[in-house]
Amino acid sequence: MQLENHVMLDFDISPVGTSRLGEVDFDNLAFGKVFSDHMFVMDYADGAWQRGEISAFGPMTFSPAMMSLHYGQAIFEGMKAFRQQDGSVSLFRPGRNIQRLNFSAHRMSMPEVPEDIVFQAIVELVKLDSKWVPSAPDSALYIRPFMFATESHVGVRPSLNYRLCIFTCPVGAYYTKPVRVKVETKFTRAASGGTGAAKAAGNYAGSLHPTELAKAEGYDQILWTDGATHTKVEECGTMNVGFVMDGKLVVPATSDTVLSGVTRASAVELMRHEGMEVEERVVEVRELHEAIKAGRLTEAFGLGTAATISPICTLGLEDGDWDLPSQDTWSVAPRLKQRLDEVRTGAGEDPFAWNIPV
Ligand SMILES: *Cc1c(COP(=O)(O)O)cnc(C)c1O
């Protein structure tokens, strides 16, 4: 997806009079707390998407009977724009996020968005707020597209009205100390036939209580297992998960209970391209257990846009906590992080042309 120069825009742009940029401390960016000057809004009514607009980021007013608040038709995306070595700005694989937004919309009986208009809107939004794209290592402009039902109506059925909104947040390095994860054997994030492969808001609400319980037991996150048997590993918190076992990168295959992450897909493709053996398959808790006992499980990490790679230090299994080897012995996760950073900042080879200039 590449924009022609001077294309007619399918939406209006009303730039703010005064930027809030001067109020922002770029050396101390808390994740998701600072919002750039502009947002994009496009409404769906009378069976069609209406003309959208980029204007000042700010509050919205809704009826208490707004259907998304009651029946949960709400979906979101998360992607990033990166400052390039030469000072320009690029998006990382934006097409995948826009397609996934439509996958989520379809699952939740919401209207699909016109992909070209959404791509244009993201490009124009990032261009307009390009001064908000930080340049420190590991920083980025986080982009949050989301859609929710806006009709005022009591009674369960798909809403007739929706709003698509996109705002952006400058974010600093998302430092995650290595996490202790509890292998979950009671609660379920996603059931077969359910909504787990969609980025549907309710999925995250349902994961909060089990995560609070895991935290009370001294863990940071949950390693989610399949809902039917709790014997197969699926995801880590709100991220995909990868393991290095016997020198191979092993990632749970995507399914209707394992969300198809862009970071996960990129890790698989990049590491294969680098000549590493990569397996996408069912990963059993039992095999992780045996491998960690035998010292064959050498690295484990979450994979997602916010943190890129979130190292796991400990697995909480039924017979207690098992530690992974210390991170200074790891080689795959650091290499993967380095290669992803190089691609996203234009600092190294981009073999699949994932980096899209705005
Ligand atoms: C967003 C998300 C991921 C990671 O996807 P990315 O595209 O890599 O950010 C993984 N699992 C779940 C449940 C998610 O919501």
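A polar side-chain atom of Y204 lies 2.3 Å from an oxygen atom of the ligand. The model is a predicted one, in which local features need pLDDT of at least 70 and side-chain atom pairs count only at pLDDT 80 or more, while totals for chains, interfaces and linings use all residues. Residues are numbered from 1 along each chain as its sequence is written, and side-chain values use heavy atoms, with hydrogens and water left out.

**Ligand surroundings**

The ligand is surrounded by 14 residues, and the closest are K199, Y204, E235, T263 and T305; a residue is near the ligand if one of its heavy atoms lies within 4 Å of it.

| Residue | Atom of the residue | Ligand atom | Distance |
|---|---|---|---|
| Y204 | polar side-chain atom | oxygen | 2.3 Å |
| E235 | polar side-chain atom | nitrogen | 2.4 Å |
| T238 | backbone N or O atom | nitrogen | 3.3 Å |

**Domains and their interface**

The chain is assigned domain 1 (11–173) and domain 2 (179–345), with bounds from an automatic or database domain assignment. Their C-alpha centres lie 27 Å apart. In contact (heavy atoms within 4.5 Å) are 23 residues of domain 1 and 24 residues of domain 2.

The two domains bury about 2000 Å² between them, 57% of it on carbon and sulfur atoms. Buried area is the accessible area (1.4 Å probe) that two parts lose on being put together, summed over both. Of the area that domain 1 buries against domain 2, F76, F92 and R100 supply 29%, more than any other three residues.

Between the domains, 12 residue pairs are in polar contact, both residues at pLDDT 80 or more. On the side of domain 1 that touches domain 2, the elements giving two or more residues are β5 (74–76), β6 (79–83) and α2 (94–107); helices (H or I, at least four residues) and strands (E, at least two) are DSSP runs, numbered from the N terminus. Helix α2 gives the most, with six residues.

**Salt bridges**

A salt bridge is a side-chain nitrogen of Lys or Arg within 4 Å of a carboxyl oxygen of Asp or Glu. The whole structure has 23 of them. R163 pairs with D43, the closest N and O atoms being 2.7 Å apart. This pair links distant parts of the chain, with R163 in strand β9 (residues 162–171) and D43 in strand β2 (residues 38–45), 120 residues apart.

Two salt bridges cross the interface of domain 1 and domain 2. E269 forms a salt bridge with R93, with 3.5 Å between the closest N and O atoms.

Terms used
A polar contact is a pair of N or O atoms within 3.5 Å; within protein, one must be able to donate a hydrogen and the other to accept it, and residues adjacent in sequence count only if both atoms are side-chain atoms.
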